[in-house]
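Please walk through this protein with its model open, taking the domains, the sheets and the ligand in turn.

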Amino acid sequence: MSSTTIDHRPTGVLKFGGSSFASAAHYRDVAAHISARVEAGERLVVVVSGMPGATEGLREIARSIDPGVSVEALHGVLPLADTIGAGLLRIALRSKGVDAVMLHGDRTGLRSDGTRHKAATLTGFDPGPLQEAFTRAPVVVLPGGQADDGGGTPAWLGKNSSDLSATALAGALGLKTCEIYSDVNGVYDADPRLVPEARRIPALSYEDVVLLGRHGAKVLHPEAVRTAQRHSVQIVCRLNTGEFEAGSVIDGVGDGIGVDAVIIDARSVVAEFGTSSEAELALAALESAGVSVSVPDWPGRHLVVVNGGFFDVRRCLDENGLTGEITEERMVTEVRSGHPVLHVAPTEASALDWGHRLHADLRDRASVPA
Ligand SMILES: Nc1ncnc2c1ncn2[C@@H]1O[C@H](COP(=O)(O)OP(=O)(O)O)[C@@H](O)[C@H]1O
Ligand SMILES: N[C@@H](CC(=O)OP(=O)(O)O)C(=O)O
């Protein structure tokens, strides 16, 4: 995608994750923050996710109607959560007296290849819709995670892809930063919901954050980070409430240094195969489905792990004629100076214990002077 200058040039791209919209009060707080920025003279693109659990709620309903529902059919349903979210934020903005235009998923200017058997891939950007919208209002709200499929219908960019919409738009608009708002003000050295002792990492490289995401840290969408990297867009993580304080910053500055962190991937799916050749076939099938996969080294076992969850591994294996067994195991990844060390814990509970121990070790190492 090339950078594009448009009239009434936007001054910022702000993405609010689903955790920003847990209640009506949250919508009002976010609208107040945007209102203050507009009063200060800014013109903002606001990328919106659905309310917490909304996307997964839709998936559950679809599955209760048809347990074998196809990914293609889900493309028509899951993005609606974010579309509703954008509409609700626009209502909150209007109630604060802020003029805002809403663009639907096929009118954001983001173009995709229209793939529907897995997440669609972004292919380009048309500045027209945003350009026109900014002639009418200083704020444009749009749903994350979707792009025109080439035929005037939104295609889904996959789970957690609102981040991707935001960094892609910031890059295409030639902005230097992209603000990502969530219930944590940054990237921590472990999930702070699971490890209360986790510490925020003030500055990270794109490589660090891609690595964390690929091993199951649900913090930023890896392709969103790659897209920011391609456009040299700095990602600024901000809290989605209170003073909306800024936290971690992600850019190319720290490349090559490498973080220390622990990832407890409670949603990981560990599949075991009878032979190494079957495991290799599974790896290829899962990779072509577009999910993050890792291969732990365990002598005598043939394991393939899908990180991050939200993917029907059994179905993918069945469709490819593979008979692997899905185990109860979970993945814990220790990242040391940017290098992942993979551990497979017997259960989710033991993964949590193991993750806490690894994080305590990490803290001990950090407190010992070099
Ligand atoms: N290393 C990490 N640093 C920060 N947050 C993390 C990390 N790993 C996992 N998370 C989780 O990511 C959550 C934010 O992502 P998410 O729930 O998708 O929020 P949003 O809906 O705002 O996008 C945090 O609440 C936290 O539990
Ligand atoms: N509908 C998307 C939106 C998204 O990216 O969510 P969040 O920004 O809350 O992670 C999803 O749940 O996949």
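Predicted model: local features only at pLDDT ≥ 70, side-chain atom pairs only at ≥ 80, totals over all residues.

Residues are numbered from 1 along each chain as its sequence is written, and chains are lettered from A and ligands numbered from 1 in the order in which they are written.

The domain assignment, whose bounds come from an automatic or database source, gives domain 1 (12-257) and domain 2 (262-364). Their C-alpha centres lie 27 Å apart, and 20 residues of domain 1 are in contact with 24 residues of domain 2 (contact: C-beta atoms, placed from the backbone, within 7 Å). The side of domain 1 that touches domain 2 has eight nonpolar, three polar and nine charged residues; here Ala, Val, Leu, Ile, Met, Phe, Trp, Tyr, Cys and Pro count as nonpolar, Asp, Glu, Lys and Arg as charged, and the others, Gly among them, as polar.

One open sheet has eight strands in the order β3-β6-β2-β1-β9-β11-β12-β10, with mixed pairing. Helices (H or I, at least four residues) and strands (E, at least two) are DSSP runs numbered from the N terminus, and two strands pair if DSSP finds at least two bridges between them. Because β3 (100-102) and β10 (203-205) each have a single partner strand, they stand at the edges, and one side of each is left without a neighbour in the sheet. Within this sheet, β9 (residues 177-182) and β11 (residues 234-239) run parallel over six bridges, and Ile-180 has Cys-237 in β11 as its bridge partner. Helix α1 (residues 24-39) packs on the sheet, touching β1 (12-16), β2 (44-48) and β6 (139-143), with its direction at about 165 degrees to that of β2; axes are lines fitted to C-alpha atoms, for helices over the stretch in contact, and angles run from 0 to 180 degrees between N-to-C directions.

A second open sheet has four strands in the order β15-β16-β14-β17, with antiparallel pairing. Its edge strands, β15 (293-294) and β17 (325-326), each pair on one side only. Five bridges join β14 (residues 269-273) to β16 (residues 302-306), and Phe-273 is partnered by His-302 in β16. Helix α9 (residues 276-288) lies across β14, β15 and β16, running at about 15 degrees to β16.

Finally, 18 residues surround ligand 1, the closest being Gly-17, Ser-19, Ser-182, Asp-191 and Arg-193, where a residue is near a molecule if its C-beta atom, placed from the backbone, lies within 6 Å of it. By class, this shell has eight nonpolar, six polar and four charged residues.

Methods: Contact = placed C-beta atoms within 7 Å.
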